[in-house]
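Have a look at the model first, then read on.

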Amino acid sequence: MAAKAEEAAARWLARWTSLLAARASLPPAAPAVLTSEETLNYGRLAERVDSLAQALSELGLVPGDGLCMQLPNCVEFLVTILAASRIGAVTSTIHMPHGPSEAVAILRHSEAKLVLAPADAAGRRLAEGLLEQASSLPRLDHVVTIGRDGPPGTLSFAELAAGG
């Protein structure tokens, strides 16, 4: 039974990760994501996904590792889901209104090795709060910050996704 579930998961993962590559190879200049700040075409989306997947692997994430996100609907959320899928990481989300104590419970349960959060979300310093709780989470190796002015000790999503 477990072998069948693993085979099904592998087939699903292969299909999911190939969808972006197939779409990006058709007209890479076609818009993939439209926001008020940017229009991201399929080619650029694929580049960001590839860069982030490589960065996640270099940070030590392997298939089956947990990755949590406390993010609003944003381009970074999509890029992270696709990159995590590419390397076989298991993603889970933390509801945006949750504070550090609720987030810790989710991080502990998911055994996440990495968490992504905004540096600032309407005045709430989410990444900073998660970083302060990191010592109580033995599996958590990295806190990645979305946006500017991430606290010391966090990694920058922009740099990771840009291949830096």
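**Helix crossing and parallel sheet**

α4 passes α5 in a right-handed crossing (the near helix is turned clockwise from the far one by less than a right angle). This is a predicted model, so local features need pLDDT of at least 70 and side-chain atom pairs pLDDT 80 or more, while totals for chains, interfaces and linings use all residues. Residues are numbered from 1 along each chain as its sequence is written, and side-chain values use heavy atoms, leaving out hydrogens and water.

**The α4/α5 pair**
- Helix α4 (residues 100-110) packs on helix α5 (residues 126-133) at about 60°, axes 10 Å apart; axes are lines fitted to C-alpha atoms over the stretch in contact, with angles from 0 to 180 degrees between N-to-C directions.
- Helices are DSSP runs of H or I with at least four residues, strands runs of E with at least two, numbered from the N terminus.
- On the α4 side, Pro 100, Ala 103, Val 104 and Leu 107 meet Gly 129, Leu 130 and Gln 133 of α5 (contact means heavy atoms within 4.5 Å).

**The sheet**
- Five strands make an open, parallel sheet ordered β4-β3-β5-β6-β7; strands pair if DSSP finds at least two bridges between them.
- β4 and β7 (155-156) sit at the edges with a single partner strand each, so one side of each has no neighbour in the sheet.
- Strand β3 (residues 66-69) and strand β4 (residues 90-93) run parallel, joined by 4 bridges, with Gly 66 partnering Val 90.
- Strand β5 (residues 112-118) pairs with strand β6 (residues 142-146) over 5 bridges, in the parallel sense.
- Leu 116 stands opposite Val 144 in β6.
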